[in-house]
Amino acid sequence: MAGVVHRHHHFARRGYRQRVYVERTKPLEQYTTEELYVRFRFGKADIEYLVNLLRPKLQHRTQRSHGLSVEDQILIALRFYVCGTFYQVVGDYMGVVKSAVCDVVRDVSIALASLVNEFVSFPKDNQIAQAKHSIFLLGNMPNTIGAIDCTHVHIQAPRENEWEFINRKGRHSINVQLVCDADLIITNCVVKCPGSVHDARILRESALYRDLQTNRPDGIILGDSAYPLLPWLMTPFLTANTPAQARFNTAHCRARCAIERLNGVLKRRFACLNYLRAEPQKACNITLACIVLHNIATKRNVPLCADNDAPEPLGDPNQPPAFCQNKQTGRATRDAIVRHYF
């Protein structure tokens with residue numbers, strides 16, 4: 001039984017370790033909603049929602065003696081995502097062994113990652129007008145449905161192809177592409193590229209690029225100068241030669257601030273994304289899990305601490321210029337926006 005130490009003396013004489021069953025914590029009974037937010041980033045009703053959402057994918061683990069319930073698994077995984085600490089530390093806090101934490105983080109991350117297409121989607125036709133309106137309120141940027149940027153999730157040195165994961169700052173990482181709206185909802189993500197891959201290349205090889213090149217969206221997305229200037233992707237003027245171009249750059253910067261804020265919020269909400277002691281595939285699954293959880297939290301209005309809205313520092317300014325496909329038509333679109341709106 002939980003909380004009881006079973007000692008078998010004849011085992012001890014043979015050098016066997018005695019088995020100890022540790023009393024597991026019961027966070028939903030112990031903590032208030034505010035305390036749950038601090039420790040797990042979700043309140044009681046939100047955790048119950050996650051339990052029901054993931055039960056079909058995690059239920060099979062509870063059939064054996066002393067097995068972890070779906071609720072236990074989710075709380076253990078959330079604690080890891082929030083703290084990003086060693087498995088042993090999470091296990092001591094939650095009353096389980098280190099190996100159980102490792103298994104749970106793997107299983108819950110895979111379960112959440114499998115739901116990414118359900119919780120991360122580009123604005124549909126009936127959502128575009130609201131997306132444009134919300135972004136316009138940020139900085140008077142017209143006809144805009146999102147902003148794009150990449151953020152690096154640092155990882156330990158992989159055992160295979162280690163050199164591919166070294167980014168421009170000399171650290172091992174996964175380079176993660178994100179698109180978000182004004183409410184910091186993630187509407188598209190690419191979570192698979194080593195840290196050495198340029199932001200523009202990630203875009204060029206993504207399904208999003210193929211879709212938007214084939215089917216022009218009813219609106220534009222905003223990117224920094226690491227990205228190409230395309231009819232549906234607006235970058236700032238490198239040098240503003242007129243007052244109108246300067247006003248465009250100001251509006252562009254204010255609206256694109258949403259993606260900078262998102263990158264900061266995501267890593268503050270889930271501190272594990274600052275550094276993962278994991279091989280690339282597991283790191284990608286954990287990152288996808290945090291993306292799904294972020295969107296769930298945002299849509300359910302889960303509160304954030306005041307300092308969680310601080311933007312992440314701007315991306316690497318030394319990245320080489322982006323590829324120039326469709327630059328002329330992109331420039332024509334940007335010039336038209338400046339003429340009509342600024």
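In this predicted model, Cys-193 counts as buried, with a relative accessibility of 9%. Cys-83, by comparison, is partly exposed, at 30% relative accessibility.

A disulfide is a covalent bond between the sulfur atoms of two cysteines. Here a pair of cysteine sulfur atoms has to lie within 2.5 Å to qualify, and by this rule the structure has zero disulfides. Cys-193 takes part in none, since the nearest cysteine sulfur, which belongs to Cys-150, is 7.8 Å away. For Cys-83, the closest cysteine sulfur is that of Cys-272; the two sulfurs are 9.6 Å apart, and this is too far for a bond.

Attention now turns to a pair of helices. Helix H5 covers residues 70–83, and helix H6 covers residues 87–94. Their axes are 10 Å apart and the helices pack at an angle of about 135°, which means that H5 is oblique to H6. The crossing of these two helices, H5 and H6, is right-handed.

The residues that meet across this packing can be picked out in the structure. On the H5 side they are Leu-75, Ile-76, Arg-79 and Phe-80, while H6 contributes Tyr-87, Val-90, Tyr-93 and Met-94. Sorted by class, the contact of H5 with H6 holds seven nonpolar residues and one charged residue, with no polar ones.

Technical notes. Residues are numbered from 1 along each chain as its sequence is written. This is a predicted model: local features need pLDDT of at least 70, side-chain atom pairs count only at pLDDT 80 or more; totals for chains, interfaces and linings use all residues. Side-chain values use heavy atoms; hydrogens and water are left out. Buried means under 20% relative accessible area, exposed over 50%, partly exposed in between (1.4 Å probe, protein chains only). Axes are lines fitted to C-alpha atoms, for helices over the stretch in contact, and angles run from 0 to 180 degrees between N-to-C directions. Helices (H or I, at least four residues) and strands (E, at least two) are DSSP runs, numbered from the N terminus. Angles under 35 degrees count as roughly parallel, over 145 as roughly antiparallel, 65 to 115 as roughly perpendicular and the rest as oblique. A crossing is left-handed if the near helix is turned anticlockwise from the far one by less than a right angle, and right-handed if clockwise. Contact means heavy atoms within 4.5 Å.
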